[in-house]
Structures are given as structure tokens and as C-alpha cells.
Amino acid sequence: MSSNIRIERICDFCKSKFTAKTTKTKFCSNRCSSRSWKHTARQEKLKIAKVESSIAGKIRVAVNFPMLIGKELLTIMEASALLNITHVTLRRWVKENRIQTSRIGKKHLIKRSHIDELIA
């Protein structure tokens, strides 16, 4: 038993008018359907790539700068925000002995005077 339903629709991809045989049809042809799917898949990949690239050390932690004025010891994240560099760069400088740190467990603490010497 087939139905004789004919519905005038507008294609979601190319925006042209077509006659649909079912109530669920969204596209005028298989070509528009596959192009729409490829477009959606590409947009999802771009969205994921943007998130991954922003996570890779480019997002800086929001730091309260007035609070840092009185602190003598700074963490890696606070010092990197103060120097306006990424925490990855600051860790590389620590490894290259450009900046002296004190370690408590796995946490690096940097004296404010060392950062001031680096800037001056």
C-alpha cells in the first residue's frame, strides 16, 4: 500500500522548492542530502579544532592582579599571567634555569624578586 501524498517543501540545503512524497523529507535530492551532511560534519570538526587549539596553552587563567601586588610567592599560573606569557613558556624557562623556583611537592613557587629581576 503506497500513499499518494504529495507535499510542496523547500530543500534545507539549496532552498529550492520540490514535491516531497513523505512528511519527513528535508532535501530535494540525494546530492543535497550528502552535501548537507558533509557541511555539518565539517562544521563539527572545525568546532572541535577551535576548542582543542584554545586548550593547548593559549587560554590564560583569570587572575586578580591587585591581589598579586602583596604576594611574595607566586604559582606558575600567577607568574605567567603577571609576565603575560603562557604557563608552558614559564615552565620551559624554569627548566632552562632562567627563573629560580622552589618546589613543594609538585608545585613550583616563584619569588616575586626573581620575576622583578627578570623584567628589569
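Hi everyone, thanks for coming. A word on the model before the tour: it is predicted, so local features need pLDDT of at least 70 and side-chain atom pairs count only at pLDDT 80 or more, while totals for chains, interfaces and linings use all residues. Residues are numbered from 1 along each chain as its sequence is written, and side-chain values use heavy atoms, with hydrogens and water left out.

Let's begin with the overall layout. The protein has 5 helices and 5 strands; these are DSSP runs numbered from the N terminus, helices being H or I with at least four residues and strands E with at least two. Along the sequence the pattern reads β-β-α-α-β-α-α-β-β-α. Of the 120 residues, 25% count as buried. Buried here means under 20% relative accessible area, exposed means over 50%, and partly exposed lies in between, with a 1.4 Å probe and protein chains only. As for contacts (heavy atoms within 4.5 Å), among those between residues at least 6 apart in sequence, 29% join residues at least 24 apart.

Now look at the hairpin. Strand E1, residues 7–10, pairs with E2 in the antiparallel sense over 4 bridges; pairing requires at least two bridges found by DSSP. Glu 8 stands opposite Thr 19 in E2. Between the two strands there are 6 residues, and in this hairpin Lys 15 takes a positive phi near 65°.

On to helix H3, residues 76–83. This helix is mostly covered, with 6 of its 8 residues buried: Ile 76, Glu 78, Ala 79, Ser 80, Ala 81 and Leu 83. Those buried residues pack against helices H2 (65–68), H4 (87–95) and H5 (112–119), as well as strands E3 (73–74) and E5 (107–111).

How do H3 and H4 pack together? Their angle is about 105° and their axes are 9 Å apart, so H3 is roughly perpendicular to H4. The axes are lines fitted to C-alpha atoms over the stretch in contact, with angles from 0 to 180 degrees between N-to-C directions, and 65 to 115 degrees counts as roughly perpendicular. On the H3 side, the contact is made by Ile 76, Met 77, Ala 79, Ser 80 and Leu 83; H4 brings His 87, Leu 90, Arg 91, Trp 93 and Val 94.

Leaving out residues up to four places away in sequence, Ser 80 touches Ile 85, Thr 86, His 87 and Leu 90.

Finally, the cores. A nonpolar core is a set of buried Ala, Val, Leu, Ile, Met, Phe, Trp, Tyr and Cys residues joined through side-chain atoms within 4.5 Å. The largest has 14 residues, and Ala 79, Leu 83, Leu 90, Trp 93, Ile 110 and Ile 115 touch the most other members. H3 and H4 each supply at least two residues of this core, and the largest share, 4 residues, comes from H3. A second, separate core of 5 residues includes Cys 11, Phe 18, Ala 20 and Phe 27.

How values were computed. Angles under 35 degrees count as roughly parallel, over 145 as roughly antiparallel, 65 to 115 as roughly perpendicular and the rest as oblique.
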